[in-house]
Amino acid sequence: VLPRHMVTFAAPEEDSVVEALSEAVELVGSRERHPELAPGYFHRQVKRMYSWHNVAERTERVYVKIADACEPPLIERLRRYYGCGLVAGKLFCLVAAVDFLIGVVLAWLWPAERIEAARGFDYARYRREISGGGQEQQAH
């Protein structure tokens, strides 16, 4: 997301994180000799690279992709959680199982057929409104 000169990467290991943080602290300490590391300079670069409209559209694409993704079955999720560590994996499985049971109880208490569905969202109208196309209608 950011150019290489703006980030310091580290492997997800303690030594690597400490080394990367040490390098970053050294860089911050040497800003007098390196004006390209000044916060204002970084801000201007990022400001030229991104716009809120662009960020919002990219975020929306991520949410749409997530919403369209199939949720794996419970047993597959438990298998994945179990592999997350000796203690944490078992704890994650417990939380997932309890969450699943709560969902089953809630579905029994309030079946989906009894829940009013939300109205459809007019995406084309929304796009016209945010692009300024709806201003003439509001003036009348």
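**Reading the model**

Modeller: Let us begin with a pair of charged side chains: Arg80 forms a salt bridge with Glu76, and their closest N and O atoms lie 3.0 Å apart. The model is a predicted one, and a salt bridge is counted when a side-chain nitrogen of Lys or Arg comes within 4 Å of a carboxyl oxygen of Asp or Glu.

Colleague: Where do Arg80 and Glu76 lie, and how many residues apart are they?

Modeller: Both belong to helix H4, and they are 4 residues apart, about one turn of the helix.

Colleague: Is Arg79 buried or exposed?

Modeller: The general idea is to compare the relative accessible area with two limits: under 20% is buried, over 50% is exposed, and values in between are partly exposed. Arg79 has 54% and is therefore exposed. Arg80, at 49%, counts as partly exposed, and Glu76, at 21%, is also partly exposed.

Colleague: How many salt bridges does a search of the whole structure find?

Modeller: The search finds 4 salt bridges. One of them joins the side chains of Glu57 and Arg127, with an N to O distance of 3.2 Å. This pair links distant parts of the chain, since Glu57 is in helix H3 (residues 52–68) and Arg127 is in helix H6 (residues 123–130), 70 residues apart. Glu57 is partly exposed at 24% relative accessibility, and Arg127 is partly exposed at 29%.

Colleague: Which residues form the negative surface patch?

Modeller: A patch is built from residues with over 30% relative accessible area and no salt bridge, with like charges joined within 9 Å. Here the negative patch consists of Glu13, Glu14, Asp15, Glu19, Glu23 and Glu26. Among them, Glu19 is found in helix H1 (residues 14–29).

Colleague: Helix H1 also holds Leu21. Is Leu21 buried or exposed?

Modeller: Leu21 is exposed, with a relative accessible area of 52%.

Colleague: How are separation in sequence and separation in space read for Leu21 and Pro73?

Modeller: The two values are read side by side. Leu21 and Pro73 are 52 residues apart in sequence, and their C-alpha atoms are 39 Å apart in space. Pro73 sits in the loop between H3 and H4, and at 54% relative accessibility Pro73 counts as exposed. A further pair involves Pro73 and Arg128, 55 residues apart along the chain, with 39 Å between their C-alpha atoms.

Colleague: Where in the protein is confidence lowest, and where is it highest?

Modeller: Confidence is expressed as pLDDT, on a scale from 0 to 100. The lowest mean, 51, belongs to helix H7 (residues 135–139), and the highest, 96, to helix H5 (residues 88–109). For the protein, the mean pLDDT is 87, and 94% of residues reach 70 or more.

Key: Residues are numbered from 1 along each chain as its sequence is written. This is a predicted model: local features need pLDDT of at least 70, side-chain atom pairs count only at pLDDT 80 or more; totals for chains, interfaces and linings use all residues. Side-chain values use heavy atoms; hydrogens and water are left out. Patches are made of residues with over 30% relative accessible area and no salt bridge: like charges are joined within 9 Å, nonpolar side chains (Val, Leu, Ile, Met, Phe, Trp, Tyr) within 5 Å. Accessible areas come from the Shrake-Rupley method with a 1.4 Å probe; for residues, only the protein chains shown count as cover. Lys and Arg count as positive and Asp and Glu as negative; His and the chain ends are not counted. The place of a charge is taken as NZ of Lys, CZ of Arg, CG of Asp or CD of Glu. Helices (H or I, at least four residues) and strands (E, at least two) are DSSP runs, numbered from the N terminus. pLDDT is the predictor's confidence in each residue, from 0 to 100. Buried means under 20% relative accessible area, exposed over 50%, partly exposed in between (1.4 Å probe, protein chains only).
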